[in-house]
Amino acid sequence: MTIQNALNFIRQGQHDDNLRNRLVKADTSQARQGILDRNDLIFTPEEFEEAYSLSLFKCQHQEDADALMAFRMWWIMLHRSPDSGVMTP
């Protein structure tokens with residue numbers, strides 16, 4: 001697991017609709033991890049945050065920073081979502 005993998009995920013995830021769709025449609029966190037594993041995108045949550053901070057620091061335009069922040073929020077929400085697709089009241 002490396003920060004470089006997390007950087008690659010951020011870069012690829014921001015532009016690859018297919019990857020994002022597959023991650024969203026995955027039923028469990030294990031299925032999401034399998035998608036990342038098959039794409040050589042293995043990283044820890046800490047490595048993701050480090051890669052995010054590095055990427056944000058490198059942003060030269062506010063629009064790029066906003067897009068990066070939105071991607072991070074998407075990932076956090078997806079990563080923390082329950083394993084089942086069923087929401088209980």
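Trainee: How do the residues lining the largest pocket divide into nonpolar, polar and charged?
Mentor: The lining has 5 nonpolar, 3 polar and 3 charged residues. Keep in mind that this is a predicted model.
Trainee: And what volume does the largest pocket have?
Mentor: About 250 Å³.
Trainee: Which residues line it?
Mentor: L7, I10, R11, Q14, S55, K58, C59, Q60, D64, A67 and L68.

Trainee: OK, switching to charges. How many salt bridges are there?
Mentor: The count comes to 2. As a general point, side chains of opposite charge can pair when their charged atoms come close.
Trainee: Which residue does D17 form a salt bridge with?
Mentor: With R20, and the closest N and O atoms are 2.2 Å apart. Both residues sit in helix α2 (residues 17-25), 3 residues apart, which is about one turn of the helix.
Trainee: How exposed is D17?
Mentor: D17 is partly exposed, at a relative accessible area of 48%.
Trainee: And what does R72 pair with?
Mentor: R72 meets E49 in a salt bridge, 3.1 Å from N to O. That pair links distant parts of the chain, since R72 belongs to helix α5 (residues 62-79) and E49 to helix α4, 23 residues apart.
Trainee: What about accessibility for R72 and E49?
Mentor: R72 counts as partly exposed at 22% relative accessibility. E49 is partly exposed as well, with a relative accessible area of 27%.

Trainee: Where is E47, then?
Mentor: E47 is in helix α4, which covers residues 45-58.
Trainee: Is E47 buried or exposed, and how far away is the nearest side chain of opposite charge?
Mentor: E47 is buried and has no salt bridge; the nearest side chain of opposite charge is R11, 14 Å away.
Trainee: What does the side chain of E47 reach?
Mentor: The backbone nitrogen of T44, at 2.8 Å.

Trainee: Now the loops. Where does D40 sit?
Mentor: D40 is in the loop between α3 (29-38) and α4. Its relative accessible area is 57%, so D40 is exposed.
Trainee: What's its phi?
Mentor: D40 has a positive phi of about 55°, even though it is not a glycine.
Trainee: Why point that out?
Mentor: Because most residues other than glycine have a negative phi.
Trainee: And which loop holds D27?
Mentor: D27 is in the loop between α2 and α3. D27 is exposed too, with a relative accessible area of 59%.
Trainee: How far apart are D27 and P82?
Mentor: They're 55 residues apart in sequence, and 9.0 Å apart in space from C-alpha to C-alpha.

Trainee: Last one: is W75 buried or exposed?
Mentor: W75 is buried, with a relative accessible area of 5%. This tryptophan is found in helix α5.
Trainee: And how far is W75 from A51?
Mentor: C-alpha to C-alpha, W75 and A51 are 13 Å apart in space, and they are 24 residues apart in sequence.

Conventions:
Residues are numbered from 1 along each chain as its sequence is written. This is a predicted model: local features need pLDDT of at least 70, side-chain atom pairs count only at pLDDT 80 or more; totals for chains, interfaces and linings use all residues. Side-chain values use heavy atoms; hydrogens and water are left out. Helices (H or I, at least four residues) and strands (E, at least two) are DSSP runs, numbered from the N terminus. Buried means under 20% relative accessible area, exposed over 50%, partly exposed in between (1.4 Å probe, protein chains only). Lys and Arg count as positive and Asp and Glu as negative; His and the chain ends are not counted. A salt bridge is a side-chain nitrogen of Lys or Arg within 4 Å of a carboxyl oxygen of Asp or Glu. A polar contact is a pair of N or O atoms within 3.5 Å; within protein, one must be able to donate a hydrogen and the other to accept it, and residues adjacent in sequence count only if both atoms are side-chain atoms. On a 1 Å grid over the protein atoms alone, a cavity is a set of points where a 1.4 Å probe fits but cannot get out, and a pocket is an open set with protein on both sides within 12 Å along at least five of seven lines; lining residues have an atom within 4 Å of a point. Grid points are joined across faces, edges and corners, and a volume is the space filled by probe spheres set on the points. Ala, Val, Leu, Ile, Met, Phe, Trp, Tyr, Cys and Pro count as nonpolar, Asp, Glu, Lys and Arg as charged, and the others, Gly among them, as polar.
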